Amino acid sequence: MEFATLAESFNKMESTRKRLELTQFLVELFEKTPHNVISKIVYLIQGKLRPDFEGIELGVAEKLAIRAISKSSGIPIKKIEEEYRKRGDLGHASSIILEQKTQTTFLVEDITVERVYDTLFKIAKLGGSRSQDMKMKYISSLLNDATPLESSFILKILLGTLRLGIAENTVMDALAIAFSGNKENRKKLQHAYNVSSDLGKVAEIIAMKGLEGIEKFEIVLFNPIRPMLADRVKSEEEAIEKMGNQFAAEYKLDGERVQLHIEGDKVELFSRSLERIENYYPDIIEKIPKNIQADNIILEAEAVAINENTGEFLPFQELMHRRRKYKIEKAVTEYPITVNFFDILYCNGKSCVELNYKERREKLEKHIKEDEFAKYIPMRIVKNQNEIEDFMENSINAGSEGLMLKMLDKPYQAGSRGSHWLKLKREYRNELGDSLDLVVIGGFFGKGRRTGNYGTLLLATYDEDEDTFPSICKVGTGFSDESLDQLYQILHPKVSIKKNTRIISEMEADVWFEPELVIEVVASEITLSPIHKAALNVIRNDIGLALRFPKFTGKIRVEKAAEDASTNEEVITLYKGQKKVAHDKNLM
Ligand code: AMP
């Protein structure tokens, strides 16, 4: 397939943010795409080469790209840098520069999607001391044969700056329309995606085998499953209202969610956002296979830091000490953990997600042997408010955050947030009722003690429908000197020259960040706001929602991707909930 077709499609897609239009462009593109190339196209649309969990990063620095442009075009580096500064995007700058290309090339080889993809793949795989030269060679050979428009998109993919604003749901809508003629079939694709986390594979199967292939889609060991998520409730009464008169209550531990795939001694670990995290947990890799009584298995657990002397659970931040490249062994002994299993998704070659909670818990206890390191998460079947309160007391005393409540007769719903699992945190009962996980989109330089740091941060929610990050508040309290330094270290490399197009904010920050980091905040209230853009036009026209008196809790949620942050929907629910409480109080 000619790369020009893809570049032209990308060009059209960049010109709109409207979901219906994007879907239509995608359908047209998919219809033109040979079936054996479709998975590659789907990855490229998302600016990737393979699904996230494979951890294939392009890692090309701007400097190198600039040298490659210069080499293939004969245009001096200085001129390219100048244009880049003007445009803020190297891909865009290069297309303008290459229009004025001085160096004529002979024997131009056709650029196909396959060739671009394969070359990018080779670049991603390169390592070692000679890799920079080789990368340069590969890039300039592509640019040599590319038109200015093609070059612009090749560079954007290489540098990770291709942002078409296409959410996974939009890709699935378009696949359903293009290959089954009906958008409603999206649900079937969604299921396949939820159990494979691989949109390229889903695209390939529907293109080649149609819906029948999608319906037969199965869980594959070592391919992560998208996690099931929980809704929140504020009180025991609300939980009983939603769950009926008998359900399971488990401790809600404050650690890191880990999905374990195990066969013999081979163990792979995935984080909540499905990144590979074996490096941080060599102790899990070494010890857990001994506890497994099955040929192969997929499990979910919460890894929690503990006080070895008292056995008490320690807060999530303690795990942060393990997130380092060097001397991880030292961190492992200094910050010991236990692994607390709460679900089983696959066992001895068969999926378990269709089983109900009770059956899964029984299976979990059958196939894992407990010891000092591997535990079942504490669970009790509860029937009334007293029993929930009693178990909540135990949970809080053990050092956990609250309870997870789970319906006994429901299956595991991969990739979805629903009311079959509810979370009830202790602090839900006061003020706003819950903490929010928000995306850091901008920063303001600090004064006084905070000079040289970002003293205040601009935060956003995640808008699932638009795949954007609308601002919700500025936060300047709750920071210790240590956390300010730590945030600076993390945020500084994420500074971008231009505001990312997925950021929706009227407020001007001193610096814009790539929307990647998630932090936890609490607040006293959610108010209507003419400035902030979260849930814009939902409650009132031209008015968004904002947090009143927001405060950073000290938790940097490294395990969450920006798309896992609190959504507009959640903020709207909290806003309505608080109005209801006020209304009920007035009636009293
Ligand atoms: P939140 O991040 O506040 O939405 O809470 C959901 C997270 O709680 C999950 O992603 C898990 O990491 C964690 N968690 C702790 N205990 C449990 C449990 N018993 N069942 C499921 N998730 C749990």
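Three strands, β2 (247–252), β10 (402–406) and β11 (417–425), each put at least two residues into the shell around the ligand. The model is a predicted one, and the shell in it comprises 16 residues, with E250, Y251, E302, K406 and K423 coming nearest to the ligand. Sorted by class, the shell holds 10 charged residues and six nonpolar ones, with no polar residues at all.

For E302, a side-chain N or O atom sits 2.6 Å from an oxygen atom of the ligand. In the case of R272, the distance from a side-chain N or O atom to a ligand oxygen comes out at 3.3 Å, and for K560 the corresponding value is 3.4 Å. The ligand is well wrapped up, too: on its own it would expose 500 Å², and the protein buries 95% of that. The space it takes is the largest cavity.

Then there is the second largest pocket, with a volume of about 380 Å³. Its lining runs to 19 residues, and those closest to the pocket centre are I306, I337, T338, E372 and F373. Two or more lining residues come from each of α14 (282–287), α15 (328–334), β6 (337–347) and β8 (374–376). Of the elements, β6 gives the most, namely three residues.

Definitions and conventions: Residues are numbered from 1 along each chain as its sequence is written. This is a predicted model: local features need pLDDT of at least 70, side-chain atom pairs count only at pLDDT 80 or more; totals for chains, interfaces and linings use all residues. Side-chain values use heavy atoms; hydrogens and water are left out. A residue is near a molecule or strand if one of its heavy atoms lies within 4 Å of it. A polar contact is a pair of N or O atoms within 3.5 Å; within protein, one must be able to donate a hydrogen and the other to accept it, and residues adjacent in sequence count only if both atoms are side-chain atoms. Accessible areas come from the Shrake-Rupley method with a 1.4 Å probe; for residues, only the protein chains shown count as cover. On a 1 Å grid over the protein atoms alone, a cavity is a set of points where a 1.4 Å probe fits but cannot get out, and a pocket is an open set with protein on both sides within 12 Å along at least five of seven lines; lining residues have an atom within 4 Å of a point. A molecule sits in a cavity or pocket if more than half of its atoms lie within 2 Å of its grid points. Helices (H or I, at least four residues) and strands (E, at least two) are DSSP runs, numbered from the N terminus. Ala, Val, Leu, Ile, Met, Phe, Trp, Tyr, Cys and Pro count as nonpolar, Asp, Glu, Lys and Arg as charged, and the others, Gly among them, as polar. Grid points are joined across faces, edges and corners, and a volume is the space filled by probe spheres set on the points.
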